[in-house]
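Thank you all for coming; I would like to walk you through one model this morning, going from the whole chain down to individual side chains.

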Amino acid sequence: MNPFQKNESKETLFSPVSTEEVPPRPSSPPKKPSPKICGSKYPLSIAFIVVNEFCERFSYYGMKAVLTLYFLYFLHWNENTSTSIYHAFSSLCYFTPILGAAIADSWLGKFKTIIYLSLVYVLGHVVKSLAALPILGGRVVHTVLSLVGLSLIALGTGGIKPCVAAFGGDQFEEIHAEERTRYFSVFYLSINAGSLISTFVTPMLRGDVQCFGEDCYALAFGVPGLLMVVALVVFAMGSKMYKKPPPEGNIVAQVFKCIWFALSNRFKNRSRDIPKRQHWLDWAAEKYLKQLITDVKALTRVLFLYIPLPMFWALLDQQGSRWTLQATKMNGNLGFFVLQPDQMQVLNPFLVLVFIPLFDLVIYRLISKCGINFSSLRKMAVGMILACLAFAVAAAVEIKINRMAPPQPGPQEIFLQVLNLANDEVKVTVLGNENNSLLVESIKSFQKPPLYSKLHLKTKSQDFHFHLKYHNFSVYTEHSVKEKNWYTLIIREHGKSISSMMVKDEDKTTNGMTALRFINTLHKDVNISMGTDISFHVGEDYGVSAYRIVQRGEYPAVHCRTEDKDFSLNLGLLDFGAAYLFVITNSTNHGLQAWKMEDIPANKMSIAWQLPQYALVTAGEVMFSVTGLEFSYSQAPSSMKSVLQAAWLLTVAVGNIIVLVVAQFSGLVQWAEFILFSCLLLVVCLIFSIMSYYYVPVKPEDIQGPADKHIPHIQGDMINLETKKTKL
């Protein structure tokens with residue numbers, strides 16, 4: 001018998017009870033099929049969404065790549081403050097998705113939420129770019145504009161984060177589930193492609209272009225802002241093609257309300273006379289549906305496993321802060337290419353694209369063939385261990401860098417070098433307050449001092465007496481010094497005799513940049529042009545310029561000018577991390593030339609030594625992040641997916657807060673801080689492994705509700721109704 005035959009179906013028709021005639025509803029016109037991509041089953045609308053995501057990720061990661069160096073070099077914050085603000089911003093970017101999800105689900109819907117918050121996003125980029133213009137106000141104005149711009153960017157990027165991917169999934173019909181799965185793979189690829197390109201390009205815009213005599217941070221922030229404008233325009237262009245489901249209610253709020261009611265109801269009924277319930281969430285049964293309570297139970301089981309996860313993100317997100325600062329102390333010359341310190345971050349998205357297929361197609365399959373049950377939770381634990389090893393390697397690299405770095409003067413100490421610019425040898429004797437000899441040294445003419453000499457003070461400031469013996473002349477002079485500073489004693493010709501002057505070396509740490517200054521022995525002022533907006537004015541008769549930061553590179557012909565002639569100087573290679581002193585002299589044999597001396601030696605350790613730590617932490621990220629999110633989704637009911645996404649992003653936010661607290665209050669040297677993070681994650685990994693051991697994974701069908709497969713018969717005084725095809 002054909003069950004679908006019309007005359008065999010039993011249907012009970014119920015007409016609405018009403019005193020008025022109900023007009024018949026007009027038949028809805030058939031839905032017009034959405035256009036597809038080149039005849040495939042993929043909606044054309046997802047092309048606009050994927051391009052939008054690529055441009056938005058380019059905008060976000062491009063801006064973030066140069067953010068730490070902007071704090072350090074432009075706003076002149078110290079390393080701890082720069083790290084703290086960087087991670088505070090990152091944390092805010094992962095708190096605001098909760099707000100974006102609430103707006104989309106309860107009020108505006110996904111489409112309008114993306115449009116409106118993208119406008120906020122663009123405004124944040126405009127403000128951030130203005131904050132990087134040196135001509136616009138002073139440091140206070142730059143700081144205020146920077147914080148306002150970063151707050152708007154955090155609201156924009158975090159607000160649209162939970163909406164864009166889900167909005168793309170809404171464009172598919174249920175019959176195209178396989179195409180929808182591939183769309184999410186392409187979507188993830190667009191994220192990493194945008195990150196990969198932007199973290200490579202924006203450091204070049206910062207370092208290779210000069211604005212107002214400095215690195216061009218305004219351009220490095222402006223180009224990502226322009227890409228965000230493109231993202232908004234492209235997304236809006238597809239408006240007529242999108243399926244725009246209306247807001248369905250805020251499931252996140254429902255979950256919180258259910259949990260709060262269960263806790264408060266349990267507290268109110270804590271009497272011993274009241275019988276206990278099987279689960280603490282069962283105390284919400286008086287107000288909420290059984291299916292919602294069941295789903296929240298399943299959700300809390302997964303959220304319990306989330307408790308240790310923030311520590312992993314605390315390590316992973318330091319690639320853009322502590323590891324970038326470490327790269328500033330290293331030499332980026334790889335022979336075939338010169339890397340900027342903030343360009344090392346490009347390794348992470350590049351290695352992610354390499355490691356994901358490598359792990360899925362090779363490593364996991366080999367482990368499976370060996371008969372090892374490599375479950376999702378075990379993969380996450382191994383990912384944590386790899387991150388621990390990455391930070392142990394980073395600590396070893398930091399220790400090696402510190403051994404190569406010049407020492408710093410401590411309390412009641414100074415470092416002194418003597419520079420003899422006279423025509424013959426000078427014997428220098430440094431006398432203390434009690435005329436005891438602190439330093440005796442014979443220095444030849446234009447001899448490069450090998451190292452600074454450390455002198456101890458009896459107080460924070462002290463007067464030193466210098467006895468200079470030149471030919472048959474003896475010269476006595478006195479100079480005042482203060483602790484924790486570097487000084488250069490410059491000896492110069494003064495007729496047939498000599499004289500001296502003490503120059504305080506303002507900053508003997510270049511933070512990976514290239515610095516130089518000039519001493520002019522000519523009898524005329526010299527103007528030196530190093531390129532666009534970088535120039536020096538050095539006074540006559542042993543005038544000394546201040547240090548200026550320049551780009552690393554070769555300078556074979558630097559243009560110089562006096563009042564009556566132009567000439568050029570060959571400065572040679574100015575390398576990473578070095579501070580140079582050039583003495584302009586007039587030699588009878590060679591004419592005007594520059595005598596070169598290194599105040600601070602260049603960075604000797606290659607930036608390639610960071611490759612192992614990046615490889616380890618990225619492998620850990622692939623095993624932890626991708627596997628963890630996949631496992632969490634499989635363990636949570638379908639109605640709780642959005643809540644789970646918000647909770648996952650919250651673990652990232654908490655991880656950045658951990659870095660912020662440690663950077664501000666630990667007071668440890670950098671290598672010790674790396675070891676601290678490595679040990680903390682190792683302890684957390686042990687705790688997570690114990691929690692995983694006792695966790696019993698459930699099948700997806702076990703956590704789904706009955707889905708109203710049948711309506712139970714109503715008992716009591718009511719007549720049992722047989723439910724067939726019933727039209728109400």
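Predicted model: local features only at pLDDT ≥ 70, side-chain atom pairs only at ≥ 80, totals over all residues.

The accessible surface of the chain comes to about 37200 Å², and 61% of that belongs to carbon and sulfur atoms; these areas come from the Shrake-Rupley method with a 1.4 Å probe, where for residues only the protein chains shown count as cover. Residues are numbered from 1 along each chain as its sequence is written, and side-chain values use heavy atoms, with hydrogens and water left out.

The chain has 15 helices and 23 strands, taken as DSSP runs numbered from the N terminus, with H or I of at least four residues for helices and E of at least two for strands. Of the 728 residues in the chain, 49% are buried, where buried means under 20% relative accessible area, exposed means over 50%, and partly exposed is in between, with a 1.4 Å probe and protein chains only. If we take contacts between residues at least 6 apart in sequence, 71% of them join residues at least 24 apart, a contact being heavy atoms within 4.5 Å.

Let me turn to helix H2, which spans residues 67-74 and is mostly covered, with eight of its eight residues buried. Among them are Leu67, Phe71 and Tyr73. Thr68 also lies in H2, and it counts as buried because its relative accessibility is 0%. What is Thr68 in contact with, once its neighbours within four places in sequence are left aside? The partners are Ser82, Tyr86, Gly320, Ser321 and Leu325. For Tyr86, the separation from Thr68 is 18 residues in sequence and 6.5 Å in space, C-alpha to C-alpha. Just after H2, His76 takes a positive phi of about 60°.

Next, the charged side chains. In general, side chains of opposite charge can pair when their charged atoms come close. A search of the whole structure finds ten salt bridges, each defined as a side-chain nitrogen of Lys or Arg within 4 Å of a carboxyl oxygen of Asp or Glu. Arg57 forms one with Glu56, with the closest N and O atoms 2.7 Å apart, and both Arg57 and Glu56 are buried. These two residues are also linked with Glu53 in a network of salt bridges.

Asp342 and Arg206 meet in another salt bridge, at 2.9 Å from N to O. This pair links distant parts of the chain, 136 residues apart, with Asp342 in the loop between helix H10 (322-327) and helix H11 (347-369) and Arg206 in helix H5 (residues 177-207). Both Asp342 and Arg206 are buried. The side chains of Asp599 and Arg517 likewise form a salt bridge, at 3.4 Å from N to O. Here too distant parts of the chain are linked, Asp599 in strand E22 (residues 591-600) and Arg517 in strand E12 being 82 residues apart, and Asp599 and Arg517 are both buried.

Lys379, in helix H12 (residues 376-404), deserves a separate word. Lys379 is buried yet has no salt bridge, and the nearest side chain of opposite charge, Asp360, is 6.0 Å away. Neighbours within four places in sequence aside, Lys379 is in contact with Tyr364, Phe374, Met623 and Thr627.

Finally, the surface patches, which are made of residues with over 30% relative accessible area and no salt bridge, joining like charges within 9 Å and nonpolar side chains (Val, Leu, Ile, Met, Phe, Trp, Tyr) within 5 Å. Leu92, Phe95, Val654, Ile657, Val661 and Phe665 make a nonpolar patch of about 510 Å². Helix H3 (79-131) and helix H14 (641-665) each supply at least two of its residues, and H14 gives the most, with four. Val661 is found in H14, and at 41% relative accessibility Val661 counts as partly exposed.

A patch of negative charge gathers Asp525, Glu540, Asp541 and Glu563 on the surface. Lys and Arg count as positive and Asp and Glu as negative, while His and the chain ends are not counted; the place of a charge is taken as NZ of Lys, CZ of Arg, CG of Asp or CD of Glu. Asp525 is found in the loop between strand E12 (514-520) and strand E13 (526-531), and its 33% relative accessibility is why Asp525 counts as partly exposed.
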